[in-house]
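This report is an introduction for a reader new to the structure. Please have the sequence and the 3D view open while reading.

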Amino acid sequence: MTPTVSASGLSLRFGGTQALDDVSLRLTSGVTGLLGPNGAGKTTLLRVLATAVPADRGAFTVLGYDPATAAGRQEVRRELGYLPQTPGFHPDFTAFEFVDYVAILKELTDRGARHREVRRVLDEVDLADVRGKRIKKLSGGMRQRVALAAALVGDPGFLVLDEPTVGLDPEQRMRFRELIAHAGEGRTVLLSTHQTEDVAMLCHRVLVMAGGRIRFDGTPAELTARAAGRVWSSTERDPGAKAGWRTGTGSFRNVGSPPDGAELLEPTLEDGYLLTLDDAGAEVAAA
Amino acid sequence: MGNERSVIVSGDLVSAVARTVPWRALAAGGGAGLLIVALPRLLSDGPPDGWLALTLLRTAALVFALGLTFLLDDPARHLTTPVVTRRWVRSGLRVVLVAPVAALWWTAALVLVPHGARPPVGAVTLEAGAIAALALAAAATAVRLTDEPEPGPSVAAAVLTTVTLGALLIPARWTLTAAVGDPRWGAAHDRWAVVLGVAVVAWAVCLPEPVRRRSLLFRRRSGTLSPSSV
């Protein structure tokens with residue numbers, strides 16, 4: 001499958017922090033999850049791929065366009081929808097006016113077609129009933145959907161979503177997952193998240209970042225399989241475990257290297273993620 | 001859709017950008033400035049002397065310029081970073097939209113000063129223009145060098161501090177704030193012209209977004225100061 005996004009050797013340094021360190025990836029159609037702890041470089045990677053900040057080194061293309069030139073960057077932006085971590089709004093705009101404003105900035109110049117497109121994306125994110133309401137009067141979840149509508153306007157081929165479910169209650173998060181799954185049909189979506197459930201439910205592929213580098217690139221099932229044979233149950237917290245916690249049943253769930261004869265448990269995506277981060281930490285310490 | 005060289009400035013874009021201009025901050029600066037210039041009329045019957053009128057006009061220009069430091073504030077900055085309409089177009093449009101308002105405001109400020117006390121209009125207008133350009137250059141620099149969506153308050157504080165310290169610390173032979181009739185008046189306004197020119201160049205340099213990271217300045221900054229293309 002031809003990749004929508006192809007990046008090699010992306011590096012970016014802010015002061016003494018190596019935010020991105022030789023990142024290479026290829027993204028194809030569907031939803032790809034990007035997991036990692038705070039400070040892993042997820043947002044920086046998303047901002048570079050969204051052409052919001054240039055990398056120090058490395059190159060990438062989006063749908064064949066190279067943003068290293070002004071002309072290429074414009075073409076990339078025509079194909080891009082971007083939902084940042086803290087979107088920010090002009091609070092006196094209505095939902096319709098704000099998405100229309102973003103559509104104007106995306107150079108959708110035909111007013112009639114543009115208004116139809118704005119109505120379409122507001123319908124898509126289930127905000128048709130409140131499109132005339134001022135943004136400052138909307139709930140946090142509704143504002144997040146306005147931001148998603150702004151990212152979707154113009155039908156971009158590449159959608160970049162930076163922690164879109166943060167701060168949403170479980171019902172809103174579930175609704176947002178439906179929207180992201182729908183958005184991922186026929187386009188490439190890169191979804192940064194702290195929620196392994198988001199990845200398990202939405203993504204055909206997952207990247208794990210730590211210390212500015214990609215530590216894992218594969219399917220959610222492959223990430224889960226990393227923890228096979230490394231999760232076990234015990235009556236007390238196992239001091240040899242990398243992580244362990246008491247579950248609702250009263251027994252402890254441990255992740256790491258199990259002792260002989262341990263009662264092994266079925267691993268989850270989160271177990272695989274934790275062990276990948278632990279391996280990455282050991283690698284950094286060894287270096 | 002246009003190619004990369006084309007700049008599409010539609011009526012819709014102009015009206016949309018006009019709605020994002022922080023008019024309240026500008027109105028506050030403008031209103032406070034007019035109030036300052038009108039103080040002698042409000043507080044005494046007689047016209048102010050020339051020195052007082054000049055000082056009040058300079059203060060009013062500074063206060064209006066502090067309002068201008070908010071001009072490039074954009075709460076939706078992060079969301080509208082990677083759009084097709086380039087930053088210099090959006091920022092330039094804001095300045096174009098505000099320029100006639102600023103001209104009207106300055107005319108009103110001059111009219112509020114009685115004819116006999118009014119300083120030479122051209123010279124004092126040069127001073128006001130230079131201060132306004134300095135404020136805009138500072139705002140554009142903040143947008144270029146930081147990710148802050150609304151740097152206005154910090155920029156206003158920086159401009160106020162710079163102007164105050166400049167007035168206090170600049171040696172007398174290089175003064176910018178000569179009085180009317182002072183033999184240094186002409187030389188001071190030559191320097192105001194230089195300030196205006198430098199501010200306009202700095203503003204123009206900071207308007208476009210960088211395609212590549214070239215400046216050593218960026219590499220030496222901390223994580224909170226990153227080159228922005230918003």
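Predicted model: local features only at pLDDT ≥ 70, side-chain atom pairs only at ≥ 80, totals over all residues.

What covers the buried residues of α1(B)? The cover includes α3 (95-105) of chain A together with α4 (87-112) of chain B.

## Helix α1 of chain B

Helix α1 of chain B runs over residues 11-20, and Leu13(B), Ala16(B), Val17(B) and Thr20(B) are buried in it. Viewed down the axis of α1(B), the buried residues fall within an arc of 95 degrees, so they line one face of the helix.

The face of α1(B) turned away from the buried side carries exposed residues: Gly11(B), Ser15(B) and Arg19(B).

## Chain A as a whole

Chain A contains nine helices and 13 strands. Its C-alpha trace spans about 70 × 45 × 35 Å along the principal axes. A compact globule of 287 residues would have a radius of gyration near 19 Å, and chain A, with 21 Å, agrees with this.

Of the 287 residues in chain A, 50% are buried. Contacts between residues at least 6 apart in sequence can also be sorted by separation: in chain A, 66% of them join residues at least 24 apart.

## Val118 in helix α4 of chain A

Val118(A) is located in helix α4 of chain A, which covers residues 111-124. Is Val118(A) buried or exposed? Val118(A) counts as buried because it has 26 C-beta neighbours inside 10 Å, where the cut-off for a buried residue is 20 or more.

When neighbours within four places in sequence are left aside, Val118(A) is in contact with Phe96(A), Val99(A), Asp100(A), Ala103(A) and Val153(A). One of these, Asp100(A), lies 18 residues from Val118(A) along the chain, and the two C-alpha atoms are separated by 6.1 Å.

## A four-stranded sheet in chain A

Strands of a sheet pair through backbone hydrogen bonds, in either a parallel or an antiparallel sense. In chain A, four strands form an open sheet in the order β11-β12-β10-β13, with antiparallel pairing. The edge strands of this sheet are β11 (241-246) and β13 (263-264) of chain A, each of which pairs on one side only.

How many bridges join β10 and β13(A)? Strand β10 of chain A, residues 231-234, pairs with β13(A) over two bridges in the antiparallel sense. Ser233(A) stands opposite Glu263(A), a residue of β13(A).

Note on methods: Residues numbered from 1 in each chain as written. Chains lettered and ligands numbered in written order. Buried ≥ 20, exposed ≤ 12 C-beta atoms within 10 Å, placed from the backbone. Arc of directions from axis to C-beta. Contact = placed C-beta atoms within 7 Å. Rg over C-alpha atoms; globule rule 2.2 N^0.38 Å. Pairing = 2+ DSSP bridges.
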